[in-house]
Amino acid sequence: MAEAETTIVRRTDVATSAVIREALNSVVREMRRAMVQSSYSSIIYEGYDFSCVLIDGQGRLVAESGEDHPFHIIPVAGAVQGALAIHGAIAENDILLHNDPYTGGTHLNDVAVIWPVHQDGAALFYVVIRSHWGDIGGMTPGSLNGAATDILQEGLRLNFLKIDKSGKSEMLRMIFDNVRATAEAASDFQAVLGICRVAERRLRDLAGKYGTATLRDALEDILDGAERRMRDAVRRLPKGTFRHIGYIDGNASTPHPLEVHVKLTIADDHVEADFTGTSAQVAAPLNAGPAIAPTSVMTVLKSFLDPTGPINSGTLRVISVVVPPGTIVNAARPAPCGGLNEVRFGCDAAVMGALGQAVPGRMTGDVRGTSNHTYIGGHDFIFYEYPSGGTGAWSEHDGNVAVRAFNEGENVSIQSTEVVERVFPLRVVRQEIRQDSGGPGRHRGGCGLVREIEVMTDQAKLSVLSDRNIIPPAGVSGGESGAPNRYSVRRDGKTVEPSDFPGKIANFPLRPGDVVVMESSGGGGFGKPTERPPERLRDDLADGYVTAATRDRYEVAAPMAEACVSAAVASGQCRIARGLASASGIGPGDLIELIATQGPARRYWVAAIDDTLDDGWVSVGPDGRAGPQSLRRLTPARVPA
């Protein structure tokens, strides 16, 4: 967009639009408080796994609270257009239920209620609450699992299903008859309907106070203002095209790893992200619908360029995104999409890596890179949580310990021990910081956590959908990787692996006395570990973040290079010289990491041993190679056969 096209044209005075903006945000914040206070599911009142937004009559996102999940709220911006494409119109007394990933949803457990607010015969707003249902049917208690090969195994698809606002519907009875924990789901749903009714009253009061015309004009000003902020931020970026690859572990039935390719083009006041080259969709729960990659692009750009500004559809005008059909970022039926967040974190890593080439000083080390969906459930209970890991370090500070990262919402890290032991047949036996899990660096990545839960019933099964159990969260600008996530079961004092592929578990039968062990990843480090001030390292040792076993990672310098390979390299594979392979024990299927002094680490999976290469060299694509001086660390991460 040319400079002349961004000339400020206001429809209302600054004070009026600001007051209306805050009034709308206040409605959303009231909705959030009511959700926590009135819901029956611990995943809502303890885990905060829900989001509330307001959409205007044209289907544009106009208000959120600042606490909501990006992957919940940004896809909502296209929801009304999707609904109108199916129904033609949404009547005043209709509401819509939506969770279908192929038409803009996330995964099936996240059910959105779309509640229209009409004024003068036309839609003025849509109130939207997207909340995680503890179960939506499917093959495992809790629905999400690491072994699904078809979306029907993950539960019921609701593609803008129309029901009456009263909530009295035979369709609802059918839905609740086909989910586990029916009473809890039905009660939560009635709470959502009540909250939407209150929000509708608030919006009608606002329209009555200012008038519909003024309210609509203020909405235009709100959207335009958000757009201007983002365009100004993009203008300050270096211009050019930058490529990077994010990786996902995959599972036993997929290629490993899965790759998310991005080509990020920054031009004037606009950014285009092209995900061409990304892995084809898979018969595994590691796909996402078309709304997720744009969510990732906006989340990263917003967080790094304009973290304090509003998030609405005006912000989205600054980006365009290409998501090739039939890939893991734009999957089609019947691809399961339970791990949409695992795909999103892969997109985040790719976009951060590309943006980090333009502004390396603003980068952070990587985060845990997965939702860590963890279910322990039976016939009459479903315990669900998603243990947080460490966040990435950045240019001025260490990462944080076991908390949500910048690309997530304000849901909590874990449920409280008191609630877990009161509500479920479970006992929390250990909960502490995971030592040595934060990536070493001048600024250390945050540590993950260790959480152990004992099973007190013979009617429980374990399902886990997690990633970064093989590929660790990356460091940046010389920082090292954090420890990967890990799940296991301790039975009679011995460790039992609950699946043949790390982090992907479905219906593993648990016995009374079994202990489920969750170890979440640490964040990536920033800067050379040898540059960490000695007093900071002493504090780490005293606090238990670092132990004597890994102290030498901060004290022994590793070789580094100013640049590793060409930024134009698009392949995620490399070939390694036989001499280097023999000396290091590296072979096909292993992951190596090449780290420069500035910007993101580059990771490559060894495709073959190459006898034509000089000893000590790695060949990366047609136009780049790296010698031993730039091979700072070889990360053994051999994928299971």
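**Entry 1**

I began with Arg486, which is partly exposed at a relative accessible area of 34%. In these notes buried means under 20% relative accessible area, exposed means over 50%, and partly exposed lies in between (1.4 Å probe, protein chains only). I note that this is a predicted model, in which local features need pLDDT of at least 70 and side-chain atom pairs count only at pLDDT 80 or more, while totals for chains, interfaces and linings use all residues. Residues are numbered from 1 along each chain as its sequence is written, and side-chain values use heavy atoms, with hydrogens and water left out.

I then asked which residue stands opposite Arg486 in S19. The residue is Glu519. Helices (H or I, at least four residues) and strands (E, at least two) are DSSP runs, numbered from the N terminus. Strand S16 (residues 486-491) and strand S19 (residues 515-519) run antiparallel and are joined by 5 bridges; two strands pair if DSSP finds at least two bridges between them.

The side chains of Glu519 and Arg486 also form a salt bridge, at 3.4 Å from N to O. Because Glu519 is in strand S19 and Arg486 in strand S16, this pair ties together parts 33 residues apart in sequence. A salt bridge is a side-chain nitrogen of Lys or Arg within 4 Å of a carboxyl oxygen of Asp or Glu. Glu519 counts as buried, at 18% relative accessibility.

On its other pairing, S16 is joined antiparallel to strand S17 (residues 494-496) by 3 bridges. Here Arg490 stands opposite Thr495. The hairpin of S16 and S17 has 2 residues between the strands, and Asp492 takes a positive phi near 55° in it.

**Entry 2: strand S14**

How many residues of strand S14 (residues 449-455) are buried? I found that 7 of the 7 are, so S14 is largely enclosed by the rest of the structure. In a regular strand the side chains alternate between the two faces of the sheet. In S14 both faces are covered, with Leu449, Arg451, Ile453 and Val455 buried on one side and Val450, Glu452 and Glu454 buried on the other.

S14 runs antiparallel to strand S13 (residues 426-433), with 7 bridges, and Gln431 stands opposite Arg451. S14 also runs antiparallel to S19, with 5 bridges, and there Glu454 stands opposite Val515.

**Entry 3: a buried charge**

I next looked up Glu46, placed in the loop between helix H2 (42-45) and strand S1 (50-56). Lys and Arg count as positive and Asp and Glu as negative, while His and the chain ends are not counted. Glu46 is buried but has no salt bridge, and Arg451, the nearest side chain of opposite charge, is 7.8 Å away. A polar atom of the Glu46 side chain does lie 3.1 Å from the backbone nitrogen of Ser416.

**Entry 4: further salt bridges**

I recorded a count of 42 salt bridges. One of them joins the side chains of Glu92 and Arg204, at 3.3 Å from N to O. Since Glu92 lies in the loop between helix H4 (79-87) and strand S3 (94-98) and Arg204 in helix H6, the pair ties together parts 112 residues apart in sequence. Glu92 is partly exposed at 39% relative accessibility, and Arg204 is partly exposed at 27%.

A salt bridge also joins the side chains of Asp366 and Arg468, at 3.0 Å from N to O. This pair links distant parts of the chain, 102 residues apart: Asp366 is in the loop between helix H10 (340-358) and strand S11 (373-377), and Arg468 in the loop between strand S15 (460-465) and S16. Asp366 is buried at 10% relative accessibility, as is Arg468 at 2%.

**Entry 5: Leu264**

Leaving out residues up to four places away in sequence, its contacts (heavy atoms within 4.5 Å) include Phe242, Val271, Val351 and Leu355. Leu264 and Val321 are 57 residues apart in sequence and 9.4 Å apart in space, C-alpha to C-alpha.

**Entry 6: helix H1**

Lastly, I checked helix H1 (residues 14-38): its 25 residues should span 36 Å at 1.5 Å a residue, and its end C-alpha atoms are 36 Å apart, which agrees. The expected span is 1.5 Å times one less than the number of residues. Among the buried residues of H1 are Ile20, Leu24, Val28 and Met35. The buried residues of H1 pack against elements including H2, S1, helix H6 (182-210) and helix H7 (212-235).

Definitions and conventions: A polar contact is a pair of N or O atoms within 3.5 Å; within protein, one must be able to donate a hydrogen and the other to accept it, and residues adjacent in sequence count only if both atoms are side-chain atoms.
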